[in-house]
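Good morning, and thank you for coming. Please look at the structure on the screen while I describe a few of its parts.

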Amino acid sequence: MVSDDVRDLVRPRATGGSLERLRIGFIPLVDCAPLVVARDLGFAVEEGLALDLVRETSWANIRDRIVLGHFDAAHMLAPMPLAARLGLGHMTAPVVAPWVLNQGGNSLAVSAALHAEAADWGGLADPAAVGATLARLVAARAARGEPPLTLASVHPFSCHEQQMRHWLAAAGVDPDVDVNLVVVPPPYMVDAMSGGAVDGACVGAPWPSLAVEAEVGRILLSTGAIWPSTPEKVLGVREVFAERRPDALAALLRALDRAGAWIENPENRGALAALLARPDVVGVPEAVLMRSLSGEIRTAPNGPPVAVADFLRFHGVGASGPINRPRLVDGLWFAAQMLRWGQTRDRAAAFAAARAAFAPDVFDRVFGPPATAGVEEVVPFDGSVFSAADPQRWLDAVLARPRPGAPTV
């Protein structure tokens, strides 16, 4: 049921013929917020657009429908446009990411049963300590001849999958040998943990908090501690849309820019939680949504909230430059991860696809080049440095080490 406060907040959606309609797919996650706000607060209408938002349950559905042209645009996992250009797991499609919807928002959680196997897991900001604890449990299970742990991500070509692999490898756990990695759509993650199908998962808000709320899971890490300032979701569009409807795309980016600025204002968190709590959007209690929006994460039932700086950012400038501007280095970093784990083999093709998918050209045409674009580097928690100027160097170093070692270049 929609509260009176939400009814007052949502502006009527104009349906006149003067508006250009865009059909956009999304997954029920907190980071779909810019699309919902752009539609419901009238920012899109003021830019001449009518947004038809279609709620999907899996990233595979999002991928298929953008590739086949069922959607004009979509809420997408950041590595997904790159995977689509390479034809990984599906037909090849030239998808680009002209806008970063958010940074951060993912967490690593384990079942209550697994959590109880160790006394000390470390803290949300200490991937090395948490990884060392998990590595000990993995080794103990192997020594007892027990089946390996089953860990879930939301899609093979996601930050969740790549962050988890990077973290496991740095802890000395081979993600392809020592554990069993599976894919579970975000809305089903709590049920999978509750039913014992998975021992842990990397998933976006609000689902880790819901696992805690249901007393079936415990949150171990914010993945921002593994990869700081990572673009988590992007706006994905096909190249043909960007080329044939540049004015509509520019209008959509302007609407998302205004929506992101509204979301980033702490005074609007309560209203945003009410919008997202509706059953046609995310459909979970406002109190759970507020944890992610405020960065006050409850890691265990009835436990004290833990403040996580920059847990989820939608707008403004961060350490890596303007949050919503695509960065070439991020596309190259995703390509390097895919190459590292054998998801693709052709380096030249992978890096070329990254440069095409994450080019900032459209953003810069609409908003102008930033005064300071930020450093084109990625520095994960293990201290390695990945540079857009020489993406081969990091990859050569990590592949030269015996698996699953971490690079130190």
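Helices (H or I, at least four residues) and strands (E, at least two) are DSSP runs, numbered from the N terminus. An axis is a line fitted to C-alpha atoms, for helices over the stretch in contact, and angles run from 0 to 180 degrees between N-to-C directions. Please note that this is a predicted model, in which local features need pLDDT of at least 70 and side-chain atom pairs count only at pLDDT 80 or more, while totals for chains, interfaces and linings use all residues. Residues are numbered from 1 along each chain as its sequence is written, and side-chain values use heavy atoms, with hydrogens and water left out.

I begin with two helices. The axes of H2 (residues 33-40) and H13 (residues 269-276) come within 11 Å and cross at roughly 95 degrees. H2 and H13 are therefore roughly perpendicular to each other, a term that covers 65 to 115 degrees. Where they are in contact (heavy atoms within 4.5 Å), Ala33, Val37 and Asp40 of H2 meet Leu272, Leu275 and Leu276 of H13.

Next, the strands. Two strands pair if DSSP finds at least two bridges between them. E1 (residues 20-26) pairs with E2 (residues 49-55) in the parallel sense over seven bridges, and Phe26 has Arg55 in E2 as its bridge partner. E1 also pairs in the parallel sense with E3 (residues 73-77), over two bridges. There, the bridge partner of Ile24 is Ala73 in E3.

Thank you for your attention.

Key. Parallel < 35°, antiparallel > 145°, perpendicular 65-115°, else oblique.
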